[in-house]
Each structure stands twice: as structure tokens, then as C-alpha cells.
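This briefing is for a reader who is new to the structure shown below. Please look over the sequence and the model before reading on.

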Amino acid sequence: MSVREIDVRYVAHLARIELSPEEERQFGAQLGQILGYIEKLNQLDVNGIEPTAHAVPMVNVTRPDEIKPSLPAAEALRNAPAQANDLFMMPKIVE
Amino acid sequence: MLHQLTISELTGKLTRREVTACEAMEACLSQIEKTDARLHAFLSVDKNDALAQAAQADAAIQAGASFAEQPLLGIPIAVKDVIAVKNQPLNCGSKILGKYISPFDATVVAKMRAAGAIVFGRLNMDEFAMGSSTENSAFGASRNPWDTDRTPGGSSGGSAVAVAADECLAALGSDTGGSIRQPAALCGIVGLKPTYGRVSRYGLVAYASSLDQIGPMGKCVADTAILLRAIGGRDPLDATSVDEPVPDYAKSLGQSVKGAKIGLPKEYLGGGLDPEIGQAVQAAVRQLESLGAEVREISLPHTEYAIATYYIIATAEASANLARFDGVRYGARVDGGDPIELYRKTRGAGFGPEVKRRIILGTYVLSTGYYDAYYLRAQKVRTLIRQDFLNAFKEVDAIVTPTTPTAAFKLGEKSQDPLQMYLNDIFTISCNLAGICGISVPCGFTKYPHLPIGLQLLGKPFGEETLLRLAHAYEQSTPWHRERPPLQR
């Protein structure tokens, strides 16, 4: 079984996860092994095979566009780490 | 004693007014008091709320409520920590949700309440349902009641332990790659993963949306049948739930299984299968034959690709689903100078190692240049795996396999090697990829140490009725489900 190199620091940044240097090293080795195992799928010829996104063939499930009661603002904000004026508070994005 | 009963036994006693729901609930709470410091099935239990619900059930019974209309009236049922219960904590076995309190009930919870159930407790699990041992819980592992040095399996390990140790009458779990069936097998109980779309997932925290299903875990097949009927059906709040009729599953139990055609896939009997498990499954096959079923060998040729396929599709979906845990709208926030730093620090501090690994793997397989090689290819192999099953089901009504390659392993034995842990899921994973239903029932014990073995039956899409009937016939003709774990040591 081959071991693949993966740039863990870069991918973790894409996933917005801060890692310690120790985690980067450890995950790099473990994910390399897992990706090596996954190479198994290259043994199969998948030409002309349709991909399955979803096991039950249902498409375009719609509902009538009607106004219905939803979670009140106070309830939606109940678990917010920071809030003010019925809004979630965040660090400034635009100067 | 009341905590040791099955749902139908307790319903009988409640109907005859021999006992009250409060007494049953108190029996469960006192069992939790006695055993859970050791087993750690529960993350929390709101005793007052549980007893208040029990009192309500008793009042309803006094007022003449109908058990036919409310088949779970007065039955204490515990819930995995990934399913929302209004005004109760919800952590998904993770630190990242902080002191989150659910503002609403999941549809399955609302349905159980409508059926009269006492919905209580938060059951331990691998963080965000990622794992096979509960060792990935941020709150510490649960322990197997048959041997407390061993894992109960996972991710619904807390649910399996609570049922096996009689801390509740039944429980709900969720199953993305075996998370109901594997712990059920390792703890000696019954666990059912319904067909994709059978049960609403509104209020289930998403891990891999094309694979996740909620399902019942119980002390016997009949209890899972009762519970599935209560929670199943189309829900306008979950667009993936399917509008198929929900039969009265318990009613068809006890019908003969004579002439039922069962397939035994040759790919499931080789490799890393423990010989003792193989023997137990062969004996179960002979038992099914003696009940009148016809067993024939079949082939599911793409079995060996299931784990690789799963760990691409599930992690890809997880990387998108878990993006919502960013410290903005809920959960434990770690502040940063700008939003990106806030996200990175919050997620770095809040997620445990397995969740980080899977999000990173999922992000990688979806990233530019790798999408076709990994994700698209895995989706195509998924088609082949699904085809294997649909072809097999042209010839047979159900498929019989071991649930796990080995009995419960020791805590710590595989936790340092993620790939070894993944390979343990070989027999349960294909079912989710194919979107079919599966059940694990006890089928014996290993000799030394004395640990439960699970038999898995797989059924056609929306074929739960046949599956339950077969599992019930097997269970009732064998002694395994009656044996209880040795809790006092």
C-alpha cells in the first residue's frame, strides 16, 4: 500500500482549522496512509458509470411557497456567543 | 425490575394498571445511578423533566388514553446526543457546541412524544458520530457492560450501553456507516438502520447527508419494530424523507419465514473475520434454514471497495456540513482579530482529532485538481456497490452477514491508528452507501472472554417489514437475546 503526501497545513487553512505543529505532523502521516489505502479505487474501471449522489432517486422536491411560523429571533439567538440588537456579533469584516 | 422489561412487557403492565410510568422511570433512574458512573452511557440526565413526563403519562393513562393510539405511552426512551430535544443540551459528543440548548424538538422526538414516550437523557457518542468506539467523545469513552475494559462500539455506543445495561427501555441512535448496528452487535442488543428516507432527519445534526439515518435500538426485535413505526414516515421538514406507507411492523412479527430466500455473500466470510464469529454466523444460517428459509450463496463483488468509497464520500459531505460550526451563531467561540482567525481558532480548539482529520480529508478530496480523482470516482464506485445489492435482491429477500469482523475490542487498542479503526466497519458500511436497510441481532458469544456476537440482516429499500420478521423469527428461536451482561463485578 502506497503512502500519499498531503499538504496538511494548506488544506487545514482551506477548512479554517488551526492546527498545532504536532497535529500537522501526525495528521500528515495518518492522512497519507488513508489516502494510500483509498488508491484502491483506481483498480476499478469506472468509464461510463453514472455517479450516485444520493441512494433514493428523488429530484426537485418542492413545497408550496407559503409563509409559516419559524423560530422567533430570541430563540434563534439563544445560543449565540455574542449578540446585540437581535443580531449575531462578529469582528469587523470591512473597514 | 421494571427497567429490565421490554416495551411490550411494560406496556402490558401499564395497561393492566399493575405499575405506573413514574415507577418505571424511577427504576431506570436508579439503574443509571447504580451503574452509569462505571459505564458512562449518559452525558446528562434531566431527572425532574423525566419524572414530570412520567407523571403526565400516568395522568393520561388514568384519563383513559389509548395504548393503540399511543403505543409508547409511559415508555422511557433515551436519545443519542446528536438529536435535538427542546430545552435540553445538545453537544454531539463535542466541545465545540459549548452550552448549546436545543430550541426545538427533532421530528423523531416530536413523534415519540405524540406516541406517549418519556424522552430523556443525552447518550454518549463519538464526536459528531465519527468513530466506532466512543473513544472520540470529548467527554470520555463509554464502557462495554460485558467487559468494562472494552469498547461498546460506536458511534452510538452510549445508546447501546444504556439499552444493554437496562438504563432505559430503548434508545435512538444514528447510523452513517454502521453506527447503530456495530455497537448493537458489540453490546448484545438489537439495532436497526432504516432505509435512507424512511425516518425524518429534521433535528439530527448532519454528518454525511447522503448516508445518515436515525434508527431504533432495543432489547428485542419487537421493540425496534414498535419504535420504527412511531418515528417513520414522510416529514415536510426533511425533503429527503420518502412518502412510503409505514406499516404496523410489530403486526407481521410471528408470521412464518418458510420459503424466504436469504443470500450469504461469499465476500463477507473471508479476510479478517474472527473464526468464532464465522462459526456463529454459520450456525445462525443453519437456524434460519431450520425455520424454513432457503439460504444460497451470493456475490457482492465490490465489497472490498466500500471502505475507501465511504471515507471519500462521508468526509467530503462532513467537510461541508461541519462548516456551520464556526463560532458565529452558537457554541464556544475563540476570539480572533478578524473573522478568518476567529473561525480557525474556534474550530482548532473546539474539534477533536478525528473530526479534524475527517474535515481535512473531505476538504482535500473536494479541492481543485482532486475532485475527479477522488470524489467523482467514489460516487461512481458507489453506483457499482448499490448495483451489487439491487442485483442480489432480484434473487433473494434478504442478505445475512456478520455485523462485525471481531467481538468488542479493548479500549485504546485501535485508537492510535485511524485506518485500522476504519477497516473494522467493513460489513456495515455498504448498506449506507446502497441506501438499503439493515439490522443487527444477537447470535451468540465468544468463548473467552464471553462477549456478544451480532448477526446482520440486510433488506431491500423499504423492506423493513421482511427484515424484522426474519430477525424476529431467528431471535425467538434462539436464547441469545435473553442473556444479560454481568454488571456487578
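Among contacts in chain B between residues at least 6 apart in sequence, what percentage join residues at least 24 apart? The figure for chain B is 76%.

**Chain A**

- Chain A holds 3 helices and 2 strands, and from the N terminus on their order is α-α-α-β-β.
- The radius of gyration of chain A is 23 Å, well over the 12 Å given by the globule rule for 95 residues, so chain A is more spread out than a compact globule.
- The C-alpha trace of chain A spans about 55 × 45 × 25 Å along its principal axes.
- Of the 95 residues in chain A, 31% are buried.
- Among contacts in chain A with a separation of 6 or more, 46% are between residues 24 or more positions apart.

**Confidence in chain A**

- Chain A has a mean pLDDT of 91, with 97% of its residues at 70 or more.
- Where pLDDT is low, predicted coordinates should not be read in detail.

**Chain B**

- Chain B contains 16 helices and 11 strands.
- For the 489 residues of chain B the globule rule gives 23 Å, and the radius of gyration is close to this at 21 Å, so chain B is as compact as a globular protein of that length.
- Along its principal axes, chain B has a C-alpha trace that spans about 65 × 55 × 50 Å.
- Buried residues account for 66% of the 489 residues of chain B.

**Pockets**

- The volume of the largest pocket is about 580 Å³.
- A set of 25 residues lines the largest pocket, and those nearest its centre are Y100(B), F104(B), V205(B), R324(B) and Y330(B).
- In the lining of the largest pocket, 14 residues are nonpolar, 5 are polar and 6 are charged.
- The second largest pocket has a volume of about 460 Å³.
- The second largest pocket is lined by 16 residues, and R63(A), K68(A), P69(A), P236(B) and L237(B) are the closest to its centre.
- Sorted by class, the lining of the second largest pocket has 9 nonpolar, 2 polar and 5 charged residues.

**Cavities**

- The model has 3 cavities of 30 Å³ or more.
- The largest cavity holds about 100 Å³ of space.
- Lining the largest cavity are 15 residues, of which G131(B), S132(B), S179(B), Y310(B) and D425(B) are the closest to its centre.
- The lining of the largest cavity is made up of 8 polar, 5 nonpolar and 2 charged residues.
- The volume of the second largest cavity is about 60 Å³.
- The residues that line the second largest cavity are S44(B), D46(B), D49(B), V85(B), Q88(B), V119(B), F120(B), G121(B) and R122(B).
- Strand β3 (residues 118-123) of chain B supplies the largest share of the lining of the second largest cavity, with 4 residues.
- The lining of the second largest cavity divides into 3 nonpolar, 3 polar and 3 charged residues.

Terms used
Residues numbered from 1 in each chain as written. Chains lettered and ligands numbered in written order. Predicted model: local features only at pLDDT ≥ 70, side-chain atom pairs only at ≥ 80, totals over all residues. Heavy atoms only, no water. 1 Å grid on protein atoms, 1.4 Å probe; cavity = no way out; pocket = protein on both sides within 12 Å on 5 of 7 lines; lining within 4 Å. Points joined across faces, edges and corners; volume = space filled by probe spheres on them. Nonpolar A, V, L, I, M, F, W, Y, C, P; charged D, E, K, R; others polar. pLDDT = per-residue confidence, 0-100. Rg over C-alpha atoms; globule rule 2.2 N^0.38 Å. Buried < 20%, exposed > 50% of the residue type's maximum accessible area, 1.4 Å probe, protein only. Contact = heavy atoms within 4.5 Å.
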